[in-house]
Amino acid sequence: MQSGLGKTDKWLLEFETKNPTKNPLMGWESSSDTLTELKLEFSSKELAINYAKKAIELNPDEAHSFFSLAFIYAQAKMIDKSKDQNEKALKLEPENLLALQMKATNQINDGFFKDGLTTYQKVRKIDPLFPIFVLQGEARAHLALAEFEKAFNINDIKNCNEAFLTSTTLGII
């Protein structure tokens, strides 16, 4: 699940795809999980938080419910609560890519650059095709550690658009 405030006065809750399968011919990702088609709008962060808490109450073993609440808290600038819920998601599902990415971002924002870099690298090891912002996070950690050559060598990673990544890395500096 993902949630957030996107330049509106509404909060949106979307469900992430579970157990995606890849079409071998076309390479498209699909799933039999129909929850991905569901998007919920809330008029306030309190309503979004209450809904996510209810989801946890109904499904206490579901990591995505905890991540959803963590993401809502992060959007509401309630960082300590966000970290707490994200850690609960990771206890239930240690390889949850979205929760790991949030953890890495928090580590870097807290000044733990090596830990953040390690967590970002773990995300990429689990899924090398995970979105490009994981590489941005790695570049940011390398730059913070004054590892400039490593930051710019991220351009050599396969399956990345070199021009996009270079401009993104330079934008971080």
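Colleague: Okay, first thing: in which kind of crossing does α1 pass α2, left-handed or right-handed?

Modeller: α1 passes α2 in a left-handed crossing. Left-handed is when the near helix is turned anticlockwise from the far one by less than a right angle, and right-handed is when it is turned clockwise. Bear in mind that this is a predicted model, where local features need pLDDT of at least 70, side-chain atom pairs count only at pLDDT 80 or more, and totals for chains, interfaces and linings use all residues. Residues are numbered from 1 along each chain as its sequence is written, and side-chain values use heavy atoms, with hydrogens and water left out.

Colleague: Good to know. At roughly what angle do the axes of α1 and α2 cross?

Modeller: Roughly 160°, and the axes come within 8 Å. An axis here is a line fitted to C-alpha atoms, for helices over the stretch in contact, and angles run from 0 to 180 degrees between N-to-C directions. α1 and α2 are therefore roughly antiparallel to each other. The cut-offs are under 35 degrees for roughly parallel, over 145 for roughly antiparallel, 65 to 115 for roughly perpendicular, and oblique for the rest.

Colleague: Which residues make the contact?

Modeller: From α1 you have Ala48, Ile49, Ala52, Lys53, Ala55 and Ile56, and from α2 there are Ser65, Phe66, Ser68, Leu69, Ile72 and Tyr73. Contact means heavy atoms within 4.5 Å. Sorted by class, the contact of α1 with α2 has nine nonpolar, two polar and one charged residues. In that sorting, Ala, Val, Leu, Ile, Met, Phe, Trp, Tyr, Cys and Pro are nonpolar, Asp, Glu, Lys and Arg are charged, and the others, Gly among them, are polar.

Colleague: Let me zoom out. How many helices and strands are there in the protein chain?

Modeller: Eight helices and five strands. Those are DSSP runs numbered from the N terminus: helices are H or I with at least four residues, strands are E with at least two. Along the sequence the pattern reads β-β-β-β-β-α-α-α-α-α-α-α-α.

Colleague: What share of the residues count as buried?

Modeller: 36% of the 173 residues in the protein chain. Buried means under 20% relative accessible area, exposed is over 50%, and partly exposed is in between, using a 1.4 Å probe and protein chains only.

Colleague: Which residues touch the most other members of the largest nonpolar core?

Modeller: Trp11, Phe67, Leu69, Ile72, Ala89, Val123 and Phe130, out of 30 residues in that core. Two or more core residues each come from β5 (39–42), α1 (45–58), α2 (63–75), α3 (79–92), α4 (97–109), α5 (113–126) and α6 (133–144). A nonpolar core is a set of buried Ala, Val, Leu, Ile, Met, Phe, Trp, Tyr and Cys residues joined through side-chain atoms within 4.5 Å.

Colleague: What does Leu69 contact, leaving aside neighbours within four places in sequence?

Modeller: Leu69 is in contact with Ile49, Ala52, Lys53, Ile56 and Gln85.

Colleague: And Gln85, is it buried or exposed?

Modeller: Gln85 is buried, at a relative accessible area of 9%. You'll find Gln85 in helix α3. Not counting residues up to four places away in sequence, Gln85 touches Ile56, Phe66, Leu69, Ala70 and Tyr73.

Colleague: Now compare Gln121. Where is that one?

Modeller: Gln121 is in helix α5 and is partly exposed, with a relative accessible area of 35%. Beyond four places in sequence, Gln121 touches Glu138 and His142.

Colleague: What about α2 and α4, at what angle do they pack?

Modeller: About 35°, with their axes 10 Å apart. Phe67, Ala70, Phe71 and Ala74 of α2 meet Leu98, Ala99 and Met102 of α4. That contact divides into seven nonpolar, no polar and no charged residues.

Colleague: How do the axes of α4 and α5 cross?

Modeller: At roughly 160°, coming within 7 Å, and the crossing is left-handed. The residues of that contact divide into eight nonpolar, five polar and three charged.

Colleague: Last one: which positive phi value does Lys77 have?

Modeller: Phi of Lys77 is near 65°. Most residues other than glycine have a negative phi. Lys77 sits in the loop between α2 and α3 and is exposed, with a relative accessible area of 70%.
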